[in-house]
Structure formats: C-alpha cells, structure tokens
Amino acid sequence: MTELHDTLVEFVQVLRTADVKVSPAETLDAMEALDIIGIENRVLLKNSLSMVLSKNPEEKEAFNTSFDRFFSFNKFSSENNATEPDEDTHQDDGEFDPESDAPNQQSGQGGQGGGQGGGGGAEASGELDFEQLEAQSELGKLLLSGDRMEVMIKMAEAGRQVEVNQIVVFTQKGLYTRKIMEAMGLKGLQDEVGELQEEGGRPQMHLAGQLKGARDHLREQVRDYVEKQFFLHADESGKQLREELLKKVKLSNLEKRNFKDVQEIVFKMAKKLVSIHSKRRKTFKRGQLDIRKTLRSNMQYDGMLFDLKWKSQKVDRPKVMCICDVSGSVSNYSRFLLMFLYSLAEILPKVRSFAFSSDLGEVTRLFQQSKLEDAMAKTMRDYGNGSTDYGQMLADFRSHILKDVDSKTTVIILGDARNNYGDPKSEILREVYDKAQRVIWLNPEPKSSWTVGDAEMKKYAPCCHQTEVCNSLVHLERVVGNLLRVAV
Amino acid sequence: MAIKNDDKLKDIEAIRGHFESLGYICSVEIATAVFLAYHLEKPVLIEGPPGVGKTELAKTTAEMVDLPCIRLQCYEGLDESKAIYEWKYGKQLLYTQVLKETLGEILDGATGLAESVDKLHSFGDIFFSEEFLEPRPLLKALKAEESCVLLIDEVDKSDHEFESLLLEMLSDYQLSIPEIGTVKAIPGKKPLVFLTSNNTREISDALKRRCLHLYIPFPNAELERQIVRARVPDIPPKLNQQLVAFIQELREMDLKKVPAISETIDWARTLILLHSESLDPELVRQTLNVILKFQEDVETVQSELQGVTNRAIKAT
C-alpha cells in the first residue's frame, strides 16, 4: 500500500498547485479512505477522494480536472505493434510480422493477451526468462484484469525516483522520458531482447518482437506521462510565478492579453479579503438591552441581573464613494480599482462609483448590472473623452453628491491630479474632507512627480486624510485592505 | 464502528438499494458519502441548493439503520447552552432550599469555620453533577447508548463562534464540560454526523477540514424522474416525463429561485390531485405558483410558458 500512498501524496501536491487547499490531515484521511475502498473502481475512487480532499464547488471542479489528468493511464492495452521501432539497432522485424503462422502456444490467449504480455514483460524484464512463455502470458492476463493502475504505479514510482516533478521547461521532456525508462529497467529488457535474438528460434524471435513492440509502446506511454507531468507541475507553478509577477507589474503596462489573468487574481485577492473581514465579530458592548436574553442567562445567578446581554448591533459597513479618472493615462488603474471594489460586494455593499474626465457621472448602476468589461467600455465611451478637469469634477461633486456624504463615508479619488493648469478648486475638496469620514487619494504616479508640471497634488494633499501611490495590484490590495480594516 | 444494522452499510450498492426501498433515490456520490462517513468515522458536510434532499438524507440514513435521529437546528445566536448542555438552575435552587433545613445535621459536630467547610467539601460538587445537567442535542448524541444519527441542520445560519464550538465534537467525538470533565462517545458507538449548509456564507476551513464534503447538485432528468416515481407512485409515466422536462428547463432559466426537487414533487402531487394526464399550457399557468415562489419569477416564466410547455410535451 505504501507506493499507493506515495502516489496519493504526489496527487495532493498536484492538487495544491491547482489551488485546492489540502491539509496534511486531509491527506491522511484520503489514505484511510483509500485503504477502505481500494483502487479497483475508478469512479468510486474519484468520488471518495473528491469528498475528502476538495471542499467547495470550485475546488471540486479543479479536483476533477486534476484527477483525470493525473490518473489517466488508460491506453496501455491498446495495439502496440503499430509503432515502427525507429531507433532499433537490432534485427528487423520480418520474423514476427507474419503473425498468422506464428506458433500457437499463445494463440489461446488471443490478440490482446499478447499485447498485455509484452507490457508485463517490459516491466518485470529483470527477471524475465524466455522459457516461461506461458507464464508471461499469465502475467499479461493478470495485467488485463488489474493492469492500468499497476503499470501506472510502476511508472509513477520510476517518475518519483528521477524526480520528474522537478521538470520546469518543455525541452526537458526527452531527458525525463529516458530517465524514467531506465529507472523502470530498460536495460534489462534490452539485454533480454538481445539474448533472445541471439538464441534465434521462432518462438524466441516472436517473443523478442513482442517485447520490442511493448518497449516502444511503453516509451510512448512514458513520453505521454512526462508530458502530463509537465502540465501538472510546470504549467501550474509557471502560472503561480506569472501571477506573482502580474501582481507587481505596473497596471498601465499590462497588456490586453493579461487582463483575464489579472481579473482572476483580483477575484482571488478580493476573496481573501472577504474571508478575512466577514469573520469580524460583532460588538456586543453597546446598544439596546436584550431583556429576554439577560433574564435567561442570569437564571443561574438566582435571577440577579448582573450579566447584562445586549442586542447585537449591526456592523456598519463603510459607505464608499469612488471617483475615478477615466482619461487615457489613468483609465487602466480605474478599471482595476473598480474591479476590486465590485468583487467585494459581499462585504462592501454600498459602493457608489463615479467616473470623469471633465464632467462627473455616476456609473454605479452600470457596474452593478452589466459585466465588468462592458461596463468599463461604456464608461470609457461616455466619460473618457475630453481633457481632464479636476476643478469641474469637484464642482459637479459638490452640486450633486456632497449632500449624500456623511461621517461614515469614505471617498476614494483615483487620479494623477494633472489638471492641465486649470483651477484645481481644492477648497471643494476641503469641504468634502470636513464632511466625510475619510478622503483617500490614490495616485498612480510615483511621489517624486506629484508636484511636477501641471500636477496639483500639492494643493490636494492637505485636503486628504491619506494619499497613496497606487500602481500595481499589490498596492491596490493594500489600500482596499486598509479601507476595510479601518472602516468596518 | 459497530452499530446495529451495520450490514446495511457494507457496500455502496447495498446502501443505494436500502435508500431506494425507503423512497430516497440517490446518486452514487451520495451513497459513497454515507459509506465513507460510516467507515472513516467522519462527519459529512452536505452542501447544495435548497430542496435537493440534504436534510432528508440524514433522516433516511437514520431510518435505514434504525437509529434515532437527533436534530440540531442552527440559527443566529445559537450557543452552547442550547446546543451542548445547560445546568438545571431551577432544580439546583429548589434543592438548595430543601437542603437548607438539613444543613444543621450535615454540619453536626463541626466546630469552627474551617471544619465546617471541610465537611461540606466531602460532599463533593453534587450540584454540578450529571444529575443537574440538561443535555442538549450534541451531548445527547454523544451519550446515546445505541449510537444515533446527529443532524446539524443549516450550520451556515449559526455564528462563527458556534462553528468553533463544534470542532471538538466533530474531530474527536467528545465535549468538555468544565465542571464535570470530558464526555466521550461510547467507543464503537460514535454518532453518524451530518451537517447541512445552504451556502449562505462560507463555512470555515477548520470545520471543512474535519468533514467529508458532499455537494448535492440538482439531479439530472433521469434521476429526477426516478425520484418523482418513488415519491408519487401513482403518477403516469408520461406526465412524469413531461413534468421533469419542464422543471429541468426552468432550472436553465434566469430565475430568482429555481424550483428544487421538493417543488417538483409538490407539483406532481398537485397535478395528480387535478387528475391531469399530461401537461398543457393552461394547466401549467394555473399551477405555476406551486413551483415558483416569487412573483417576479412567475412573470418571467409566464411569457415563455407556451414554448417551454410545448417542448416539454414534445420530449415524451
């Protein structure tokens, strides 16, 4: 059973790279389950492991793909004499080609038995003895019943021996294929084939041919296996690497083809924040006295009311107003900020968003109702033209929205504060500052250029509670995390 | 684990068969979950949309192995005094009153405070013994002599604190009561535990880690037909087929609440009551409120009713 357990551990590793969180305790459970159900029934195995290892619908999906990829050694018994041995230095195969008149000790086993026997021979080649022709076929029969797993396990074992999970680049595939073949006892097999051919004789030749065919077939299988390992290990870890990189890259440098990846990352980050912040405890120290509860819990003190219970107070989620510059230079940042905020709908239900380049417009409904991409495109179309005018934006804000700002509102402004030398109207921002709980200015430019040229950060900064450089996903995550920490 | 009737749990096909004879048609996954739960001695966390038979699974299992089903319905504010145990305050008070009279006898012969206290100590903590303990579902389940099925229903409705409270029970089948000590399940008689969740919030990893996780989706048409047949035996096969096809199509639509299996069954019963042999648009229109619970949804479906019904009829 131990080799089975090793395989399982390997599988768990694969699951982890595929974003299924598996704890050691669950791995142990899986082993226990494996001992109970065995490996004969693939569907049963899959169901059981799925129950033990993956614990939500997304994980189940990832599990299913990984399982199918990992345990997909299913074609071993397929026709093996179809492959022409390409690098075969020994004799040609004329001897065994005319299968029809090949002698008959084996005819009883039938065609597929032959293939199986070859497969078995390839594995156990070290101990193979030519005299035991029947015995081999017996092995073939044996393999026919419990074959796939057996062969797969042998292969996985060899793979483990040569550490195939360390594979990183595509070009290493050939190398690992050879290594695995060797670890499975390729040399013994080659020697035996050589011996058989030297001995000559019809049955020997026949067997040698079968062995060679099986060997080539096995090679195919191993190559396949290595390829899958590559996809399982290298591809996923490559993805993780890429994600880490994407998190740090400047958002304006992102290319369109990366948007999908980034979106995924944003969702992941948002999910993490949600799970951290939705577990916040409620405050019980204030609010209305809960008489029923108090009486109930004070029964144990002889009805003396000294352990008071309060009606739990609903936690006030922060009201967030998010004003985004959507003019060309900054639009990418706005896109991801909005993406982030809307992914947090569960813990930030009251997000209102506004877009502007000169005139301010509310886009809250747009983002709630349509898909992010569409909403973004529409926003760009409607508000993205024209030169940036922060003064106008603030004036609009005062006349339409300022009345909704209260002491629980956090106002986030995302923009580079480049005002084309217009009137910054920072006094309006001051008003907002006085009314709102917090005003946060996120600027994608580095601090050194905040006062260069037409940038007005110098005037705006004193009217903000917080100013931050924000130009990568990591920054975004930090800002949003802080927002939740302080405000919730 | 050795509970009575455990031969009924010996393999997956057996479980399916027994479930079926009790009118609960289940997929292989569900049977596997019950099988593993029993053999690994692990709780099962069942998730899935409302009305797919999560609670029913626990109840049917209890019925199958002929054990009592102890149910703990979770809700916000549920705490240990409702879930695990509570002291019988009233009884404690009453006994103190009664014993006050006899206090003289007990303390007879003791001189000085120290001696009296010593004497009292020798009686032990009788007021905090099992006599005065009111067991709640979790404790009851542990102490059940013949083992039992414990159903912790809608665990997602409870608070996070309560989830943590469950951990000890779920991983070690034991509960700690400060005044008494640790209560463990009778060896070999551990309760079969089922937890259900409607996914209104994410269950913590700590809890998930301790459970087998079973996700019950809506059944496919074939399975659903079997379920309807098992639950409403006198339904004509043709109607059954049409009805299931209709429901299956509704599930594809963008509805606030899609009809679950329980609604399918209700609808089947309704149609039987109305003596209908097959679906027709008018009939569907009249009975739509059995399967759809929001006016919005009813309106959405009304507009496409003709087409959906016709397709469902054609499906037979």
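At what angle do the axes of α1(A) and α4(A) cross, and within what distance do they come? The legends below take up this pair along with other parts of the predicted model.

**Conventions for all views.** Residues are numbered from 1 along each chain as its sequence is written, while chains are lettered from A and ligands numbered from 1 in the order in which they are written.

**View 1. Helices α1 and α4 of chain A.** The two axes come within 10 Å and cross at roughly 135°; axes here are lines fitted to C-alpha atoms, for helices over the stretch in contact, and angles run from 0 to 180 degrees between N-to-C directions. The pair α1(A) and α4(A) is therefore oblique, given that angles under 35 degrees count as roughly parallel, over 145 as roughly antiparallel, 65 to 115 as roughly perpendicular and the rest as oblique. Look for A:Phe11, A:Val14 and A:Leu15 of α1(A), which meet A:Phe63, A:Ser66 and A:Phe70 of α4(A). Contact means that the C-beta atoms of two residues, placed from the backbone, lie within 7 Å. The residues of this contact comprise five nonpolar, one polar and no charged (Ala, Val, Leu, Ile, Met, Phe, Trp, Tyr, Cys and Pro count as nonpolar, Asp, Glu, Lys and Arg as charged, and the others, Gly among them, as polar). Helices (H or I, at least four residues) and strands (E, at least two) are DSSP runs, numbered from the N terminus.

**View 2. Helix α1 of chain A against α2.** Helix α1 spans residues 2-17 of chain A, and its axis comes within 10 Å of that of α2(A), crossing at roughly 140°. That angle makes α1(A) oblique to α2(A), and the crossing is right-handed. From α1(A), A:Leu4, A:His5, A:Leu8, A:Val9 and A:Val12 meet A:Thr27, A:Ala30, A:Met31 and A:Leu34 of α2(A). Sorted by class, this contact has seven nonpolar, two polar and no charged residues.

**View 3. Helices α3 and α4 of chain A.** Here the axes lie 10 Å apart and the packing angle is about 135°, so α3(A) and α4(A) are oblique to each other. Their crossing is right-handed. On the α3(A) side you will find A:Lys46, A:Leu49, A:Ser50 and A:Leu53, meeting A:Lys60, A:Phe63 and A:Phe67 of α4(A). The contact of α3(A) with α4(A) counts four nonpolar, one polar and two charged residues.

**View 4. Where chain A touches chain B.** Chain A brings 24 residues to the contact and chain B brings 22 residues. On the chain A side, the elements giving two or more residues are α2 (24-37), α3 (42-53) and α4 (57-70). That side has nine nonpolar, seven polar and eight charged residues.

**View 5. The open sheet of chain B.** Five strands pair in parallel, in the order β2-β5-β8-β1-β9; strands pair if DSSP finds at least two bridges between them. At the edges stand β2 (69-73) and β9 (212-215), each with a single partner strand, so one side of each is left without a neighbour in the sheet. On average, neighbouring strands are turned by 20° against each other, direction ignored. Five bridges link β2(B) to β5 (residues 149-153), with B:Leu72 opposite B:Ile152. Helix α3 (residues 54-65) of chain B packs on the sheet, touching β1, β2, β5 and β8, and its direction makes about 170° with that of β5(B).

**View 6. A hairpin in chain B.** Strands β6 (residues 174-177) and β7 (residues 181-184) of chain B run antiparallel and are joined by four bridges. The hairpin connects β6(B) to β7(B) through three residues. Partners to pick out include B:Ser176 with B:Thr182 and B:Gln174 with B:Lys184.

**View 7. Confidence along chain A.** The mean pLDDT of chain A is 72, with 71% of its residues at 70 or more. Residues 75-146 of chain A have pLDDT below 50, and this stretch has 95 contacts in the model beyond near neighbours in sequence. Where pLDDT is low, the predicted coordinates should not be read in detail.

Methods
This is a predicted model: local features need pLDDT of at least 70, side-chain atom pairs count only at pLDDT 80 or more; totals for chains, interfaces and linings use all residues. A crossing is left-handed if the near helix is turned anticlockwise from the far one by less than a right angle, and right-handed if clockwise. pLDDT is the predictor's confidence in each residue, from 0 to 100.
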